[in-house]
Amino acid sequence: MRSVVPAVLREEPAFRLLFTGQLLSVLGDRVTMLVLPFAVLSVGGGPAGVVLVSVAQFVPFVVLALPAGVLADRLDRRRIMVASDAVRFVVQLVAGALLLTGHAGVPVLVVLAVVFGAADAFFQPAITGLVPATVSPAGLQPANALRGLTFSIGSIAGPAIGGVLIALVGPGGSFLFDALTFAVSAVTLLLLRLPRAAQDAPAAERQHFFADLAAGAASVRSRPWVVAFLAAGSAYTVLVLPAIFVLGPVLSGERFGGATGWAVITAAFGVGSLAGDLLLLRWRPRFALRASALALIGASCQGLIIGSGLGTLPVAALEVLAGVCVTVYFSLWETSLQEHVPDAELSRVASYDYLTSTGAIPLGSVAAGALSALAGPGAAILVLGAAGLLVAFAVVAVPAVRRLPRGSGAVEAAIRPEPPAPAV
């Protein structure tokens, strides 16, 4: 059993509780991602309504991500996350009830999506800052790999569960399922007890809110490797992701045999992501940020892969490799932040990541749609993919990215690997 269960789950009870709650919560979110378009269509909304509701939940990140980072550095992060889970529980509960009773409409779903996104904007910087308090320094990378594992599992299992729920209880019942997962997440956070060292850590010196906001910006500017990766994350979101999620399904009809072929490609990516998470439980690169930047190059190839003209199976095989690269990119980037940014500044710095990535999703969708209208989806996906790849290569060329060492805890873990299980 010791060889199967990662040490960070065996030895870190606080993280084990956090991981359990987040696994269920992410699974519920992935179910909702599948169900949301059908929910909008069921209340009379067309394709424009689907886009409007989908985009609405990302807009709050533009306004709230940076203030959320300040609050997460000033207040109890766990309580912020509980409050966020409570709000999202109510939103999904109301959405599910309205859909089941036939009282939902596109305007109501847009409002609920905005409230959901606002709560999510406060949750994300807080959890980035909370994870280091639940594990030892040596456990940061495997903890982030396991967080990535929750998304990989959710991406594979979520659509299957969502399909069953739509057939059995309809879109409304699926939203109620997601509400239940937020309730479980909130309970696990309420039960979470941080190690004494984390509880006794000195609090950051309180300043005026706007002074803390300015200090967060200064903390970002003082680290060239952070600035480089924020630019990379923004480019990946605006250029690469729309090529996959907006234009990919459009091309699937003529190149991959429709929804079935696209499902094969999506599943292959999920398998690769899962493999990448498992890899990071064992592999500790000496220069984590350098490895993350190199993985970003592989991740940024996805637009070119999908637009290459290859058949379904070759594209699916390449997407397995892309899935590994995406997981390595995100997990090692987050680990580098947590290893090198002081706890008192961590959520503020992370909030810039969420602003430039999640907050840029609507912009990317609009850009992909406009370019597709001008040049066609096939040409648009190649142009966007090539531009994203060029940015990824530029990030690797930044000396601060290539030379950033590991934190002391990661180095110690690499020198003293986990001992083997005793013979029975």
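Visitor: Which backbone nitrogen lies 3.0 Å from a polar atom of the side chain of E12?
Guide: In this predicted model, the backbone nitrogen of S136 is the one found 3.0 Å from a polar atom of the E12 side chain.

Visitor: And where does E12 itself sit?
Guide: E12 is placed in the loop between helix 1 (7–11) and helix 2 (13–42), and, leaving out residues up to four places away in sequence, E12 touches A7, T134, V135 and S136.

Visitor: Does E12 count as buried or exposed, and why?
Guide: E12 counts as buried because its relative accessibility is 16%, and the cut-off for buried is under 20%.

Visitor: How far apart are E12 and V240?
Guide: In sequence E12 and V240 are 228 residues apart, and in space their C-alpha atoms are 36 Å apart.

Visitor: Let's zoom out: how many helices and strands does the chain have?
Guide: The chain has 20 helices and 0 strands. Its radius of gyration is 21 Å, close to the 22 Å that the globule rule gives for 424 residues, so the chain is as compact as a globular protein of that length.

Visitor: What does the C-alpha trace span along its principal axes?
Guide: The spans of the C-alpha trace are about 55 × 55 × 45 Å, and buried residues account for 50% of the 424 residues in the chain.

Visitor: What about contacts between residues at least 6 apart in sequence, how many of those join residues at least 24 apart?
Guide: Of the contacts in the chain between residues at least 6 apart in sequence, 88% join residues at least 24 apart.

Visitor: What about T181, which backbone oxygen lies 2.6 Å from its side chain?
Guide: For T181, also found in helix 7, the backbone oxygen of D178 lies 2.6 Å from a polar atom of the side chain. T181 is buried at a relative accessible area of 5%, and, with residues up to four places away in sequence not counted, T181 touches L24, S25 and G28.

Visitor: How far apart are T181 and D85?
Guide: T181 and D85 are 96 residues apart in sequence, while their C-alpha atoms are 9.2 Å apart in space.

Visitor: And T150, what does its side chain reach?
Guide: The T150 side chain reaches the backbone oxygen of R147 at 2.4 Å. T150 is found in helix 7 and is buried, with a relative accessible area of 2%; leaving aside neighbours within four places in sequence, T150 is in contact with F19, Q22, L23 and V26.

Visitor: Now helix packing: at what angle do helix 4 and helix 6 pack?
Guide: Helix 4 (residues 59–74) and helix 6 (residues 106–134) pack at about 35 degrees, with their axes 8 Å apart, and helix 4 passes helix 6 in a right-handed crossing. The residues making the contact include P60, F61 and L64 of helix 4 and V114, G117 and A118 of helix 6.

Visitor: How do the residues of that contact of helix 4 with helix 6 divide?
Guide: The contact of helix 4 with helix 6 divides into 13 nonpolar, 3 polar and 1 charged.

Visitor: And how do helix 13 and helix 15 cross?
Guide: Helix 13 (residues 288–299) and helix 15 (residues 312–340) cross at roughly 150 degrees, with their axes coming within 7 Å, and the crossing is left-handed. Among the residues making the contact are A288, L289 and A291 of helix 13 and A322, C325 and V326 of helix 15; the contact residues divide into 13 nonpolar, 3 polar and no charged.

Visitor: Last one, where does I244 lie and what is it in contact with?
Guide: I244 lies in helix 10 (residues 224–245), is buried with a relative accessible area of 6%, and, leaving aside neighbours within four places in sequence, is in contact with P249, W262, Q302 and I306.

Key:
Residues numbered from 1 in each chain as written. Predicted model: local features only at pLDDT ≥ 70, side-chain atom pairs only at ≥ 80, totals over all residues. Heavy atoms only, no water. Helix = DSSP H or I, 4+ residues; strand = E, 2+ residues; numbered from the N terminus. Buried < 20%, exposed > 50% of the residue type's maximum accessible area, 1.4 Å probe, protein only. Contact = heavy atoms within 4.5 Å. Axes fitted to C-alpha atoms, helices over the stretch in contact; angles between N-to-C directions. Left-handed = near helix turned anticlockwise from the far one by under 90°. Nonpolar A, V, L, I, M, F, W, Y, C, P; charged D, E, K, R; others polar. Rg over C-alpha atoms; globule rule 2.2 N^0.38 Å. Polar contact = N/O pair within 3.5 Å; in protein donor to acceptor, adjacent residues only side chain to side chain.
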